[in-house]
Amino acid sequence: MIKVSNLTKQFAGYTAVDDVSFEIKRGEIIGFLGPNGAGKTTTMRMLTGFLHPTRGSVEIAGCDVFEDPIEARRHIGYMPESCPLYTEMRVDEYLKFRAQIKGVARKEIRSRRDIVKEQCGLTDVGRRIIGQLSKGYRQRVGLADSLLHDPDLLILDEPTAGLDPNQIREVRELIRQLAERHTLLLSTHILPEVEMTCRRILIINKGKIVASDSPESLQKRLEGDLLISTEIAGDPGVIEATLKSLGSVDVVDHETLGEGWSRYRIDSSSPDIRAQVFECAVSKGWKLRELHLESRSLEDIFVSIIREDVATETKR
Amino acid sequence: MRTFFALWRRELAAMFLSPIAYVMLMFFLLVTGCGFYWLVKENLEVMRSIQGLMVVIWACMLITIPVLTMRTFAEERKNGTFETMMTAPVKDSTVVTAKFFGVLTFFILMCLPTLLYPLIIRLLAPEVAHLVDPVSIASGYFMVGLIAAAFVALGMLASALTSNQIIAAISTFSIMSIFFFGGLFEPHLSKNPMVRDIGGYLSSALHLMESARGVFDSRSLVLYLSATVFFLFAAVKAVEARR
């Protein structure tokens, strides 16, 4: 669906996107992550043909975006970051206008408009002036616009930015529905969003792709080191020393909880030593009330990947 | 073609939805109305042919055209709608020409009420009616349209080059001034006859006066048509380059 090769964009003085290549297959849902200023928006703008790259090429559904822009854009539904709209128009007017310039057949304009309004929950606000709508509704109008010509590919740049938690939930739900029918590329820096919706993650940092994998395998990448959390009653000094001696344990730190209980966090580089911890507690006669493996959230993955990237950079 | 009409209609609608357009409309009708009143009251002789009226319209253009064109691209760029527009399957040239005809249509609509003035003369002052003949009205207004086309294209070029509407308006105004005053100050321009000739050739006022007398000069047709095409072409390039 998308084939990006050696895409580079230089602005005066710096390189925003640096030799990026990736492929996205039909039906995939991709989360595009990265810290602020990593080059997400620039990359997306090049994918849609809005910005021209310094080098490299983008192919969307077999059309080169820069050589055959009109055809390529027919396959793309794009919602830019701040969701710009003509605020003086009414919702219906705006959608009709957009359908016309997107080349939706005259007979289908009305039905397409009704379909996307239904999909995005806009049926009641058709007569309202866009400028008077709330941010959440405007976001929906933007989304409805990107769906008008029923594109194969949806590119959404931070679709939930600036929304309140309720609206975020609604938009997220909507995105999940859309994912059933469209190939989806969405950028965000809100990680739970990606965790809930995306099946593959692209992480970009300083204009370079630093990771491209499913959330699960990214998690596996980090499973080299496990984080075990346990609560044991007893003398913290003795317990800490004993836990350290269990082997393949890197760091143990503890936190006093009161009434003799302490929580210990064990950083171990594989294998899973939970059974050993339990056996140890039984043999020493410690009271143990909790023992679990802390799963790494996408947030940890993100932070550690970006950190790795920065570390290798400084080493060089 | 459908895309073109959709864009054209939206541009024209946007004009009528913005307060600036109404302010301009009022300004234009007020100034031309007062100008007409003054011309008639002081000296009907000036109304010999419709030269006097043409000069008033000519002066109004210097203000109205920069203001009407300044928003075309600068506003879209500032609001970000430029991005949604340029990622829709439309050609840059279609966007530019549709916007151009949108603004030009508005300007022409703005000029229409001034046709009443020659009509008033014909009806109320039959003794000078023969001076306001249909041929000079037609050729005068045609020249107004030509001049407007060239400057609307210029204004759009300026608007495409910046995201600041004020800068767009002032640069359009400045460049238009060269055309506007080139002939007016012709005698003071330079001692060099060639420079004076060029000033005279560029002067919109002289072109208008001539055509309002019913004398249509094909040189001005060539000038304004080629200027329109050139500025539109440059505007398309400016839109492309700002990506």
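**Helix 4 of chain A and beyond**

A: Helix 4 of chain A is followed by A:Gly121, whose phi is positive, near 65°. Keep in mind that this is a predicted model.

Q: OK, and which residues of helix 4 of chain A are buried?
A: Helix 4 of chain A covers residues 109-119, and its buried residues are A:Arg112, A:Arg113, A:Val116 and A:Lys117.

Q: Why do they line one face of the helix?
A: Looking down the axis of helix 4 of chain A, the buried residues fall within an arc of 130°, so they line one face.

Q: What do those buried residues pack against?
A: They pack against two other helices of chain A, helix 3 (91-101) and helix 5 (135-147).

Q: And which exposed residues are on the face turned away?
A: A:Ser111 and A:Glu118 are the exposed residues carried by the face of helix 4 of chain A that is turned away from its buried side.

Q: Switching to strands. What's the strand order in the open sheet of chain A?
A: The order is 2-1-4-5, four strands in an open sheet with antiparallel pairing.

Q: Which strands stand at the edges?
A: Strand 2 (14-24) and strand 5 (63-64) of chain A do. Each has a single partner strand, so one side of each is left without a neighbour in the sheet.

Q: What holds paired strands together, in general?
A: Strands of a sheet pair through backbone hydrogen bonds, and the pairing is either parallel or antiparallel.

Q: How many bridges join strands 1 and 2 of chain A?
A: Seven bridges join strand 1 (residues 2-11) of chain A to strand 2 of chain A, and the two run antiparallel. As one position to look at, A:Lys9 stands opposite A:Val17, which is in strand 2 of chain A.

Q: Zooming out, what domains does chain A have?
A: The domain assignment gives domain 1 (2-216) and domain 2 (224-293) for chain A. Their C-alpha centres lie 47 Å apart.

Q: Now chain B. How many helices and strands?
A: Chain B has 13 helices and zero strands.

Q: Why does it count as compact?
A: Its radius of gyration is 19 Å, close to the 18 Å that the globule rule gives for 243 residues, so chain B is as compact as a globular protein of that length. Along its principal axes, the C-alpha trace of chain B spans about 60 × 45 × 30 Å.

Q: How much of chain B is buried?
A: Of its 243 residues, 45% count as buried.

Q: And what share of its contacts links residues 24 or more positions apart?
A: Among contacts in chain B with a separation of 6 or more, 80% are between residues 24 or more positions apart.

Q: Let me pick a residue: B:Trp58. Where is it found?
A: B:Trp58 is in helix 3 (residues 51-69) of chain B. With 19 C-beta neighbours inside 10 Å, B:Trp58 counts as partly exposed, because a buried residue needs 20 or more.

Q: What is B:Trp58 in contact with?
A: Leaving aside neighbours within four places in sequence, B:Trp58 is in contact with B:Ser204, B:Ala205 and B:Leu208. B:Trp58 and B:Val144 are 86 residues apart in sequence, and their C-alpha atoms are 7.6 Å apart in space.

Q: Last topic: how many residues are in contact between the two chains?
A: 19 residues of chain B are in contact with 20 residues of chain A. On the chain B side, helix 1 (2-17) and helix 5 (81-86) are the elements that give two or more residues. Helix 1 of chain B provides the largest share, seven residues.

Q: What classes of residue are on that side of chain B?
A: The side of chain B that touches chain A has eight nonpolar, six polar and five charged residues.

Technical notes. Residues numbered from 1 in each chain as written. Chains lettered and ligands numbered in written order. Predicted model: local features only at pLDDT ≥ 70, side-chain atom pairs only at ≥ 80, totals over all residues. Rg over C-alpha atoms; globule rule 2.2 N^0.38 Å. Buried ≥ 20, exposed ≤ 12 C-beta atoms within 10 Å, placed from the backbone. Contact = placed C-beta atoms within 7 Å. Pairing = 2+ DSSP bridges. Domains from an automatic or database assignment. Arc of directions from axis to C-beta. Nonpolar A, V, L, I, M, F, W, Y, C, P; charged D, E, K, R; others polar.
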